[in-house]
Amino acid sequence: MNETYDILILGGGPAGISAALTARARGRSVLVISNPAATSALHKAHAIDNYPGLVGMSGAELLARMTEGFAQLAIPTVTGRVTGVMPLGESFMVSVGTDVYAARSLILASGAAQPRAYPGEAELLGRGVSYCATCDGMFYRGKRVAVIGLSADAREEADFLSGIGCEVEFFDRTRAKTYEIRGTEKVASLVADGVEYPVDGVFVLRDTVASSVLLPGLALDGGHIAVDRSMAASMPGVFACGDCTGRPYQIAKAVGEGNVAALSADGYLGKTKS
Amino acid sequence: MSVLELTKDNFDATIASGDTLVDFWAPWCGPCKMQSPIVDAFAAAQSAVKVGKVNTDEQMELAQKYGIMAIPTLIAFRDGEVIAKKTGLSPAGEIEAMFK
């Protein structure tokens, strides 16, 4: 197993970068987990005109500049999608595909794309609903599964499932608009735009897994993570910053909140013993 | 109590009587690596419940028989019957609660 970090930062945009730099400057061990930078909306932005000091820069350039300090401060990063978070009392476990990381606190900086779970999704998670084809695929060999492929790597994951012997019904972004996952003890079918497909499993592959599914019971406010002025979320040891806490979706606001979240996490860690 | 390595050859005999906790895992599964020491500690701390582990890579028949669809999955057996099943990492307190 890996070391237990002081802080795991979920998200590598401006909020997560800012939180990482501040936490590291406070002497905390941190790990930043994020999707590939190229998949973020900011990375595609042509020019940012209101970020002080770096006016007119493209989103990609800005992200590169912001992460320059990572090497100097020895901040490790992991590229991947967080598929599960487990609170364990005084620590948290976070799974990223088939890997797992542990920390004493979490900073959620997962961006504006906070998907809503489909009906049945949270209830049937682990009972036919999966977020990771390479993790759970082998249990569906010879069975019929649906893949709701909304992430960039969804096609590869679907190919993996076909390759190990699953019968795959693939839904890309355009094939259906509404989904409902049905079943009682386990998944029985997927309803897509009113058409029912009998399946044994549904792989929901999004760039971001909904915070409400990752941390059941986490308080939300209008679809965003509810936080106080210290960026503390509703669970002890969990902080949030940036677009995932609500509008305005601005880089300056994200950077500021990331700074506050890291200082608050530092304060929280100072009060608890490892 | 020590932890038993369960296969299709000794599974039924092990769960047939009394209370048994079975941890379904695989070597490539990250969360399973966290679950394993928690299950070991549970086994060491008491003697009322037998504890076994099933490597789902090697024991696909058992994984299918018990409808394992994600790992780690813990199943509590009493006299051969399933009395509780939990998927995802389970802290120590929840393991104890499976036999209440």
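Biologist: Happy to look at this with you! In which sense do β10(A) and β11(A) pair?

Modeller: This is a predicted model, so keep that in mind as we go. Five bridges link β10(A) and β11(A), and a hairpin of three residues joins the two strands. One facing pair is A:R182 with A:S189 in β11(A). The sense of the pairing is antiparallel.

Biologist: Which residue takes a positive phi in the hairpin of β11(A) and β12(A)?

Modeller: Look at the turn, where two residues lie between the strands. The phi in question is near 50 degrees, and the residue that takes it is A:D193.

Biologist: Nice. Which are the edge strands of this sheet?

Modeller: The sheet is open, with three strands in the order β10-β11-β12 of chain A. On average, neighbouring strands are turned by 25 degrees against each other, direction ignored. An edge strand pairs on one side only, and here that describes β10 (179-183) and β12 (195-198) of chain A.

Biologist: Let's zoom out. How many Å separate the centres of domain 1 and domain 2 of chain A?

Modeller: The assignment for chain A gives domain 1 as 4-115 + 209-271 and domain 2 as 129-205. Each domain gives five residues to the contact between them. On the domain 1 side, those residues are one nonpolar and four polar, with no charged ones. Taken over C-alpha atoms, the centres are separated by 29 Å.

Biologist: How many residues does the largest nonpolar core have?

Modeller: Both domains of chain A supply at least three residues each to this core. Among the residues with the most contacts inside the core is A:I9, which touches A:V30, A:V32, A:I33 and A:I107, among others, leaving aside residues up to four places away in sequence. The core's total is 112 residues.

Biologist: Last one! Which helix gives the largest share of the side of chain B that touches chain A?

Modeller: In all, 15 residues of chain B are in contact with 19 residues of chain A. The chain B side divides into 10 nonpolar, four polar and one charged. Four residues make up the largest share, and they come from helix α2 (residues 30-45) of chain B.

Key. Residues are numbered from 1 along each chain as its sequence is written. Chains are lettered from A and ligands numbered from 1 in the order in which they are written. This is a predicted model: local features need pLDDT of at least 70, side-chain atom pairs count only at pLDDT 80 or more; totals for chains, interfaces and linings use all residues. A nonpolar core is a set of buried Ala, Val, Leu, Ile, Met, Phe, Trp, Tyr and Cys residues joined through C-beta atoms within 7 Å. A residue is buried if 20 or more other C-beta atoms lie within 10 Å of its own, exposed if 12 or fewer, and partly exposed in between; C-beta atoms are placed from the backbone. Domain bounds come from an automatic or database domain assignment. Two residues are in contact if their C-beta atoms, placed from the backbone, lie within 7 Å. Ala, Val, Leu, Ile, Met, Phe, Trp, Tyr, Cys and Pro count as nonpolar, Asp, Glu, Lys and Arg as charged, and the others, Gly among them, as polar. Two strands pair if DSSP finds at least two bridges between them. Axes are lines fitted to C-alpha atoms, for helices over the stretch in contact, and angles run from 0 to 180 degrees between N-to-C directions.
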